[in-house]
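Reader: Please take one chain of this model and look at it closely. Go from the whole chain to its contacts, and then to single parts.

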Amino acid sequence: MTAPSLPAIRQILEDSLQYANEGDLLELRYHHKALRTLTARDGRLERSLSRTRSGVGVRVLAGGTWGFACTSEASPAAVARAITAARAHALGSAALRRDRRAPPPPTRLAVGDFAVDDVDEQHSLDERIALVLRLAAHARGAHAKICSASTTFTELRSEKAIVTSDGAACTVRLVRPELSISAVAEDHGQRMAQAESLGATGGWSCLFVRDPAQLAEKAARRAVELLDAPVPAGGRAQVILSPDLVGLLVHEAIGHTVEADFVQSGTVATGKLGERVASPLVTLRDSGASVHAAGAGGTEPVDDEGVPSTTATIIEDGVLTGYLHNRESAARFGVAPTGNARAWEFSDAPLIRMRNTYIEPGESELGAMIEGTPEGWLLEGARNGQADSTGEFTFGVAQARQIQGGKLGPPMRGVTVTGLAFDVLQTVDAVSREFAWDLGSGHCGKGQPAKVDAGGPYLRCTLTLAGAQA
Amino acid sequence: MPTSPETTALLARCAEALDAARAAGADDVEVIADASRSLTVGLQNNDLESLRSEEDLVFGLRVRVGARSGFATTNQPAELRALAAEAVALARQSPPEEGLRLPTFADALIDDDGVDPVIEALLGPAGGGPLAAQAVAWLQAARGLDPRVVVDSGELSLSSTHRVMLSSGGGLRSWRGAEAGGSLIGMAVDGAEIGSFTWDADRVRAASALEGALDGVARRFVGKCTAALGAGRGESFRGTILIPADCVSDLLLDPLLELLSADRVRQGKSTLGQRLGAQIAVPDFTLTEEGPGFSNFALAPFDRDGAHRARLPLVEGGVLRHILYDDTEAWRSGRPGQRSTGHGQGAASSTPAVGAACLSLAAGDQPWSTLCAAQRAVLVPRFAGTVDPTSGDFSGVVKGGALLIDGEAHPIAEVSVAGNLYAALQAISGISAERCLLMGTSLLPGLRVEDVSITAG
């Protein structure tokens with residue numbers, strides 16, 4: 001049996017709008033995901049996986065409440081059944097909702113076919129297997145102390161058709177390749193693992209903006225360097241953050257607190273529009289496009305409510321200017337939707353999520369920033385992070401290098417860093433010209449995963465290192 | 001062996017995939033199907049957010065072609081032939097691997113009676129209204145405990161799962177289970193003061209136990225939210241931390257279990273494979289993998305490979321006894337006679353991964369209140385940070401924490417802790433006599449740990 005084509009499925013969804021009741025908002029979203037994953041380690045292909053998942057998610061706003069149902073079958077009959085179920089869910093729970101929702105006001109919705117660059121680029125399985133085996137071997141051979149190394153290559157192809165009863169009718173096609181290289185160093189019973197990764201939206205030319213062999217060497221070198229390295233002392237310090245850490249900072253520390261659903265619950269960003277929350281050197285945006293550099297991992301031409309992507313300015317020259325919205329929250333705040341409603345799969349309802357979040361580059365040079373730091377740290381390598389309603393953020397750093405008198409010291413082990421988001425942004429006193437997207441691998445979690453990216457320039461600020469105490 | 005009509009139907013689908021894989025050239029085949037249904041009431045910003053239902057049927061197909069293997073998965077039952085062709089094609093193009101085998105079980109194991117009929121009935125078309133009403137009543141009850149609490153998000157859900165496996169060795173597996181559970185995420189807001197995010201959750205197998213479980217979630221959630229208010233600056237020192245039962249996994253057990261996984265041992269990311277029989281923790285530390293689960297929250301009697309689940313002591317009296325294997329890691333270990341310990345985890349949509357399904361940590365002999373009567377210590381109700389499961393280094397921020405001075409709690413913010421997992425296991429100075437059953441699958445006490453770096457921001 002051959003699956004219907006994307007245009008045919010879009011037509012099925014458009015035909016299914018006949019089941020929309022007057023006054024209700026009906027949202028139909030077909031989503032097909034095909035994932036291929038290969039992992040090589042120590043000369044063998046450890047994992048070879050192919051996953052496809054597809055279906056139609058149906059959201060109905062009726063009686064002032066959302067109902068959601070889904071079906072894995074993209075047939076007219078199955079979609080009709082899902083619409084019936086979603087409407088029954090909305091009407092069956094509507095009386096229990098305190099704050100009845102009105103349908104969002106008319107807005108510009110996407111019509112047509114959208115695709116990212118190189119979406120049809122194909123690489124054979126043999127080519128991909130050769131890639132992961134070669135890079136794992138390269139990392140393994142990079143140093144005598146490397147006892148194990150692995151490479152995982154993942155490619156996600158995504159096709160959507162989005163149709164709503166108030167005008168959206170589009171298809172969206174994306175491809176997101178991702179590469180991760182891990183190396184384990186061993187010496188006298190001590191072990192240290194380090195990983196480097198890349199993630200992009202687009203073809204291999206977007207993914208391999210850096211030579212992956214150099215990435216393998218970097219993972220191996222860092223694992224060896226940190227084997228015997230000490231942990232930095234804990235405490236408040238001036239630091240220079242690399243672009244991946246700037247990405248983590250803006251994602252965890254600011255991005256989550258300005259998602260309008262969180263804002264409505266109450267975060268440090270609530271009620272602060274128009275206030276100075278950061279140094280004038282800081283301008284922070286979130287975009288569905290890949291600005292400044294190609295291939296950002298969170299690129300989305302259209303969001304999952306059918307809203308065309310925009311670039312949302314969150315902080316302009318240090319002043320908080322906006323939040324991230326879906327259609328409903330935008331109406332509540334009296335602004336235009338920003339295109340931030342995103343769903344992971346057909347079986348998920350859209351939530352307000354970030355896309356590509358970044359700080360605009362500045363005028364400084366990294367070398368001058370280091371030379372101008374009498375006492376501090378150069379922090380590099382993003383690990384996991386978390387945000388809090390209080391604005392207190394935390395994220396892991398792979399490696400720290402002490403700066404004394406403007407000179408860099410040897411590498412030390414990474415630590416977790418923390419601070420209060422707006423307080424830390426107020427301390428920014430230098431922003432470099434360099435710019436990089438560097439958070440395109442992995443996922444952001446908020447009930448459901450989302451592919452995001454983040455980045456920016458090098459940035460100097462003051463925060464707290466959760467390091468050692470004597 | 002008698003089976004239900006649902007099991008018979010799923011087995012027929014699996015047999016179709018198995019035959020297709022064999023016809024495509026597979027020497028050994030394992031087919032797994034996960035059929036699930038769920039009904040969920042979402043909560044957001046102190047209100048009902050939505051009611052949603054989902055039905056899912058996912059097939060996974062693992063094949064061996066000579067010394068090569070491939071895996072493919074789909075949620076499209078009409079595409080099982082294509083699935084088989086894909087898995088075999090992946091195997092044919094992969095390099096050969098010495099010693100490769102699939103877990104080809106030959107016996108039948110059917111356990112289809114684990115579904116509470118009340119939950120099953122509520123999962124039908126009429127269940128949404130009553131579940132939504134229960135969710136809203138629960139939300140109101142939680143907020144009634146303290147109106148300063150904001151439920152940012154949460155959910156109340158019912159679900160059922162039916163897993164079927166078929167092996168080209170001639171064996172079959174079937175298990176059905178259902179659960180009900182709820183979670184709350186939010187914080188306390190008192191005027192201009194916003195407390196730290198916190199969460200709580202629980203799940204049960206019987207509908208009759210749901211109300212009590214939800215009441216417990218609400219009380220713990222509200223307690224944690226309000227305890228985070230009024231936080232002041234902490235102190236920097238090297239000393240004692242107290243880890244309540246519901247934070248023990250995040251800070252210590254989850255990374256320890258990674259180190260106890262055979263895949264990490266083989267990959268060089270854990271040295272514990274070389275330390276079997278060695279003292280890796282204090283003598284009071286006894287950790288057990290509980291195999292098929294506790295009596296009130298039974299798990300499938302077989303793992304993701306179809307292997308029988310059984311209790312397995314991991315650490316006894318501080319001495320490392322076993323590490324965890326699934327079938328793949330057993331043959332990849334290269335150790336003659338090494339068998340799976342029944343710890344292949346995962347869904348039909350993925351290949352198995354080594355892991356624990358159910359854990360207990362032995363109780364100590366001191367009440368939690370006695371452990372907390374420390375001269376100077378930091379209480380760590382939630383840890384937001386990083387634990388490097390290779391080096392054992394951990395560092396992160398204490399959420400909703402308190403500085404304990406002579407047993408009196410002073411809420412603190414912007415305080416972080418740092419240390420090393422291996423050292424922490426040897427520095428446990430107290431294990432509470434009380435234990436908490438968390439999410440039905442972890443029975444844990446609270447711990448007191450010495451010599452941890454504590455930094456105030």
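Author: Start with burial in chain B. Of its 457 residues, 57% count as buried. Buried means that 20 or more other C-beta atoms lie within 10 Å of the residue's own; exposed means 12 or fewer, and partly exposed is in between, with C-beta atoms placed from the backbone. The model is predicted: local features need pLDDT of at least 70, and side-chain atom pairs count only at pLDDT 80 or more, whereas totals for chains, interfaces and linings use all residues. Residues are numbered from 1 along each chain as its sequence is written, while chains are lettered from A and ligands numbered from 1 in the order in which they are written.

Next, the overall build. Chain B has 10 helices and 26 strands. Its radius of gyration is 24 Å, close to the 23 Å of the globule rule for 457 residues, so chain B is as compact as a globular protein of that length. The radius is taken over C-alpha atoms, and the rule is 2.2 Å times the number of residues to the power 0.38. Helices (H or I, at least four residues) and strands (E, at least two) are DSSP runs, numbered from the N terminus. Along the principal axes, the C-alpha atoms of chain B fill a box of roughly 70 × 55 × 35 Å. Of the contacts in chain B with a separation of 6 or more, 71% join residues 24 or more positions apart. A contact puts two C-beta atoms, placed from the backbone, within 7 Å.

Now the neighbour. In chain B, 67 residues are in contact with 72 residues of chain A. Strand β2 (residues 47–65) of chain B gives the most to its side, with 9 residues. That side of chain B divides into 23 nonpolar, 31 polar and 13 charged residues. Nonpolar covers Ala, Val, Leu, Ile, Met, Phe, Trp, Tyr, Cys and Pro; charged covers Asp, Glu, Lys and Arg; the others, Gly among them, are polar. Strand β2 (residues 44–62) of chain A runs parallel to strand β3 (residues 68–74) of chain B over 4 bridges. Pairing requires at least two DSSP bridges. Ser50(A) has Ala72(B) as its bridge partner in β3(B).

Within chain B, the domain assignment gives domain 1 (5–227) and domain 2 (231–457). Such bounds come from an automatic or database assignment. The C-alpha centres of the two domains lie 24 Å apart. In domain 1, 32 residues are in contact with 22 residues of domain 2. β8(B) gives the most to the domain 1 side, with 5 residues. By class, this side has 13 nonpolar, 9 polar and 10 charged residues.

Helix α5 (210–227) of chain B also supplies at least two residues of that side. At 1.5 Å a residue, its 18 residues should span 26 Å, and its end C-alpha atoms are 26 Å apart, which agrees. The expected span is 1.5 Å times one less than the number of residues. Buried residues in α5(B) include Leu210(B), Leu214(B), Phe221(B) and Lys224(B). The buried residues of α5(B) pack against α4 (128–145), β5, β6, β8 and β23 (408–413) of chain B.

Last, one backbone detail. Asp451(B) lies in strand β26 (residues 442–456) of chain B. Its phi is near 65 degrees, a positive value in a residue other than glycine. Asp451(B) is partly exposed, with 15 other C-beta atoms within 10 Å.
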